[in-house]
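Work through the exercises below with the sequence and the 3D view open. Each task is followed by a solution in steps.

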Amino acid sequence: MSTSLPAWQVLREHAASIRRIHMRDWFAGPPGQARSERLTAEACGLTLDYAKNRITEETLALLFELARQARVCERRDAMFAGEPVNTTERRAALHMALRAHPGDGYRALGVPVEADVSAVLAQMERFAHEVRSGTWTGFDGRAIRDVVNIGIGGSDLGPRMVCRALVQDTEPGPRLHFVANVDGCDLARKLARLDAATTLVIVCSKTFTTLETMANAHTARDWFLRHGATHADLARHFVAVSTNRDAVAAFGIDPANMFPFWDWVGGRFSLWSAVGLSIAVAIGFDRFRQLLDGARAMDRHFASAPPEQNLPMILGLLDVWYRSFLDTRSRCVAPYCEPLELLPAFLQQLEMESNGKSVQLNGAALQAGSAAVVWGTTGTNGQHAYFQMVHQARNWYPWTSLPACNRTATCPATITSCWPTALHRARRCCTGAPPMRCVQAGRLTRRWCRIWCSKGTVPATRCCCSGWMPFTWRLARHVRASDVVQGTLWNINPFDQWGVELGKMLARPIERELDGAPAQPHDASTAALIRRACRARAMAPD
């Protein structure tokens, strides 16, 4: 168990010794300049500035020693080798193979996967070209103008985030719409603005049984039939991303229009797979290929760089340091770039579903906190919302800023407007701010001066890039790799999601009751709520 390792015990004592030190003391004079240079790392066009963190050279040395004792590099190498690192399901976690180049030689449990991946990519390329060029037409012969991606979790968040980040910088293609919420209002509002004859739906579900996704898919199918399509026409308006060929065919989708992926691709790691079909349609397959190449560059860096220069390794160690040794239970992600507004939501699933666990690989309870709560919005908006708490609350919250860099020629003011805010915020969070001169009723009030003082001591990490296009690709992969580091240090499996499966299992009996099945035993509160829901459903208009 990682918590019993010698380095873990030493880190506990070390954390207590530096917990109360003010970080401004580390930035005075020449030592501060040396610290800034030392605690900066670059790779794959990304720069990671972690100088404003509550760490010293001793902290880093102990963290790297912990990684060595926990055999993080060996666990990473086993993952790249396609070994069953997803221990509870006896599966590989080989999402790196999705963006491999010919000859990279990835194998899942010893079976080569290159040919299968290449075949699906070729299928995606043909489809994306047909839809974008207008040769794929709807039931009345017109080209597709709108594409609706129906999925949830990893089948929604990753593609939605990437399309939001990049579609405005792409040659025009079909408009993309994403539906995940099983609340019918979400789908109804989107379909109300669309023409059925020029709309295509991508149903994205690994098993093709996901409750929310299939409910929305059946609603969409009924909408097409009400708006002029026949059952035979549906083949022009539905494609599937799934592994369940029989269920796809039973729904009415031509299996030739099913885009498969594999059990070694977890949902939250899948935007680089056929789950990214909506991305390929939105931005074109050539740019989707850039997505793969950017992620592959980070894969190679993670697999080969020494820990001291390894960006995902550093990021993962810092997260464990704050969560397990300094007991910070949440952290903020603030992209100072509007197209990355969905990145915090994407990272919530990526990190909290991966490492939000308390049982170790050996079945024992984890004796440390894991998976901090991730939250945030675009940074300038956050300045007028939660940064009050970041600056002055009793607790402190590590945060990561992501300033844009040369994103697009259409936004020349991005650096001059966003960077000063991002950099000033990080500086003041770390070093604090002096009392402001606040006047109340014409006189200086000491009480107000104290309230307005920023306490400082809040760790801040900044990640920026040398160009926009690779940023989204490499950033997403960068954080995904750091999750593997965290999971290894906590001795948990970051690849399964039994909590999600439990939620699905518990929902099914209640769903059947709402459809009229006999009542099942429940606690009094749940039973009362089910009765209330049944009455509301009975009174709802058809």
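The exercises concern a predicted model and go from the whole chain to single residue pairs.

**Exercise 1. The chain as a whole**

Task: State how many helices and strands the protein chain has, and what share of its residues count as buried.

Solution. 
- Step 1. The secondary structure comes to 20 helices and 15 strands.
- Step 2. The protein chain has 542 residues, and 53% of them count as buried.
- Step 3. The accessible surface is about 23900 Å², with 54% of it belonging to carbon and sulfur atoms.
- Step 4. Among contacts in the chain with a separation of 6 or more, 74% are between residues 24 or more positions apart.

**Exercise 2. Helices H3 and H12**

Task: Describe how H3 and H12 are placed relative to each other, and which residues meet.

Solution. 
- Step 1. Two packed helices are described by the angle between their axes and the distance between the axes.
- Step 2. For H3 (residues 57-69) and H12 (residues 311-325), the axes come within 10 Å and cross at roughly 100°.
- Step 3. Angles of 65 to 115 degrees count as roughly perpendicular, and H3 and H12 are therefore roughly perpendicular to each other.
- Step 4. From H3, the residues in the contact are Thr-59, Leu-63, Phe-64, Leu-66 and Ala-67; from H12, they are Ile-314, Leu-317, Trp-321 and Phe-325.
- Step 5. By type, the residues of this contact of H3 with H12 are eight nonpolar, one polar and no charged.

**Exercise 3. Salt bridges between separate elements**

Task: For the pairs Arg-164 with Glu-341 and Arg-331 with Glu-351, say where each residue lies and how accessible it is.

Solution. 
- Step 1. Arg-164 and Glu-341 meet through their side chains in a salt bridge of 2.7 Å, N to O.
- Step 2. Arg-164 is in helix H6 (residues 157-166), while Glu-341 is in the loop between strand E10 (330-336) and helix H13 (343-355); the pair links distant parts of the chain, 177 residues apart.
- Step 3. Arg-164 is partly exposed at 26% relative accessible area, and Glu-341 is partly exposed at 33%.
- Step 4. In the salt bridge of Arg-331 with Glu-351, the closest N and O atoms are 2.4 Å apart.
- Step 5. Arg-331 is in strand E10 and Glu-351 in helix H13, so this pair ties together parts 20 residues apart in sequence.
- Step 6. Buried means under 20% relative accessible area; Arg-331, at 12%, counts as buried, and Glu-351, at 4%, is buried too.

**Exercise 4. The salt-bridge count and a network**

Task: How many salt bridges does the whole structure have, and which residues does the network with Arg-142 link?

Solution. 
- Step 1. A search of the whole structure gives 19 salt bridges.
- Step 2. The network of salt bridges links Asp-140, Arg-142 and Asp-195.

**Exercise 5. Sequence distance and spatial distance**

Task: Locate Lys-504, then compare its separation from Glu-212 in sequence and in space.

Solution. 
- Step 1. Lys-504 lies in helix H19 (residues 498-514).
- Step 2. At 30% relative accessibility, Lys-504 is partly exposed.
- Step 3. Lys-504 and Glu-212 are 292 residues apart in sequence, and their C-alpha atoms are 9.8 Å apart in space.

Methods
Residues numbered from 1 in each chain as written. Predicted model: local features only at pLDDT ≥ 70, side-chain atom pairs only at ≥ 80, totals over all residues. Heavy atoms only, no water. Axes fitted to C-alpha atoms, helices over the stretch in contact; angles between N-to-C directions. Helix = DSSP H or I, 4+ residues; strand = E, 2+ residues; numbered from the N terminus. Parallel < 35°, antiparallel > 145°, perpendicular 65-115°, else oblique. Contact = heavy atoms within 4.5 Å. Nonpolar A, V, L, I, M, F, W, Y, C, P; charged D, E, K, R; others polar. Salt bridge = Lys/Arg side-chain N within 4 Å of Asp/Glu carboxyl O. Buried < 20%, exposed > 50% of the residue type's maximum accessible area, 1.4 Å probe, protein only. Areas by Shrake-Rupley, 256 points an atom, 1.4 Å probe, with all protein chains shown as cover.
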